[in-house]
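Here is a short report on selected side chains and their surroundings. Look over the sequence and the structure first, then read on.

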Amino acid sequence: MREVVAKKITDTVKKLCVEATTSLPEDVTGALNKALAKETSPTGREIIRQLINNSKTAWREKLPICQDTGLAIIFLEVGQDVAIINGVLEEAINEGVSRGYAQLRKSVAKDPLRRKNSGDNTPAIIHTKIVPGENIKLSLMAKGGGAENCSAVKMFNPNSRKGEISEFILDTVKNAGPNACPPMIVGVGIGGSFDYAPIIAKKALFREIGMHNSEKNMADWEKELLDKTNKTGIGPMGMGGKITALAVNIEKRPCHISSLPVAINIECHAHRVKHAEI
């Protein structure tokens, strides 16, 4: 049994929060550069240039990429042979978020109805999975509210056609429009249950841009939906153009024989994801 001191988790989460809010991953910057080469709209090209320059300035000056520094979403894989000592796992994670956001804008309403800010961006949304081994893997996303608000979930009839699901996905993208700060990333979760499909969709956003589903038919569907999304004409920041999305990622899970849940989680161009292993 390997022992991990809770403070190590706190320190790691703090670092991830700061890095995520100030530095875009290489796959995102690469996708933006490719988008710039493909975009034909002068306005769209200028917007993408500004997004790229903004990310460079944020990295250089260690400043937030966006004024919305996001809600901390953490997917956690905990090895079954790990023992957390001198603290509690969830408390250690939230302490890391609190410390990481000490100099950042706080974006969490402690009470969803009274709208009072928590003051330290906690609590984080934590999804934990127990896996073999003696390591802890953390994947953190600083998730902005604007794009999150454009997300959707629908319970389809189990005999619904693939085309109906495609229409739902594209309608969600169209309804999001400029509010999702495109070029966006579209995560799709198919299967599970009413509550689990959105988690699948969220997890799909953690996939590196350019990597497709391992099943060929699903990968082909992703490419088809990306092409159709980019033909909507919404364009960068909703100002028109060829590039509305950088990726469409689909994940699926088994579900009840009488159900077919589908969730869509929209992500903006400020796709702030960082990973660490302890």
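## Ground rules

Helices (H or I, at least four residues) and strands (E, at least two) are DSSP runs, numbered from the N terminus. This is a predicted model, where local features need pLDDT of at least 70, side-chain atom pairs count only at pLDDT 80 or more, and totals for chains, interfaces and linings use all residues. Residues are numbered from 1 along each chain as its sequence is written, and side-chain values use heavy atoms, with hydrogens and water left out.

## Two buried loop residues

Asn121 sits in the loop between α4 (89–100) and β4 (125–131). Asn121 is buried, at 0% relative accessible area. Buried means under 20%, exposed over 50%, and partly exposed in between (1.4 Å probe, protein chains only). The side chain of Asn121 makes polar contacts, which are pairs of N or O atoms within 3.5 Å; within protein, one must be able to donate a hydrogen and the other to accept it, and residues adjacent in sequence count only if both atoms are side-chain atoms. One goes to the backbone oxygen of Gly70 at 2.9 Å. Another goes to the backbone nitrogen of Ser107 at 2.4 Å. Beyond four places in sequence, Asn121 is in contact (heavy atoms within 4.5 Å) with residues including Leu71, Val97, Tyr101 and Arg105.

Glu39 lies in the loop between α2 (26–38) and α3 (42–61). Glu39 is also buried, with a relative accessible area of 2%. A polar atom of the Glu39 side chain lies 3.0 Å from the backbone nitrogen of Ser41. Setting aside residues up to four places away, Glu39 touches several others, among them Arg45, Ile48, Pro236 and Lys242.

## Salt bridges

Side chains of opposite charge can pair when their charged atoms come close. A salt bridge here is a side-chain nitrogen of Lys or Arg within 4 Å of a carboxyl oxygen of Asp or Glu. The structure holds 15 of them. Lys143, Glu148, Lys202 and Glu267 are linked in a network of salt bridges.

Helix α8 (residues 216–230) carries a pair between Asp220 and Lys216, four residues apart and separated by about one helical turn. Their N to O distance is 2.8 Å. Asp220 is partly exposed at 33%, and Lys216 is exposed at 61%. Glu224 and Lys228 are likewise four residues apart in α8, about one helical turn. They meet at 3.1 Å, N to O. Glu224 is partly exposed at 32%, as is Lys228 at 37%. Asp227 pairs with Lys231, with the closest N and O atoms 3.2 Å apart. Asp227 is partly exposed at 38%; Lys231 is exposed at 64%.

## Cysteines

How many disulfides are there? The count is zero, where a disulfide is a pair of cysteine sulfur atoms within 2.5 Å. The Cys181 sulfur has its closest cysteine sulfur in Cys268, 5.8 Å away, so the two are too far apart for a bond. Cys181 is partly exposed at 28%, whereas Cys268 is buried at 9%.

## A nonpolar surface patch

Val153, Met155 and Phe194 form a nonpolar patch on the surface, with about 290 Å² of accessible area together. Patches are made of residues with over 30% relative accessible area and no salt bridge; like charges are joined within 9 Å, and nonpolar side chains (Val, Leu, Ile, Met, Phe, Trp, Tyr) within 5 Å. Accessible areas come from the Shrake-Rupley method with a 1.4 Å probe; for residues, only the protein chains shown count as cover. Met155 is in strand β6 (residues 152–156). Met155 is partly exposed, at 41% relative accessible area.
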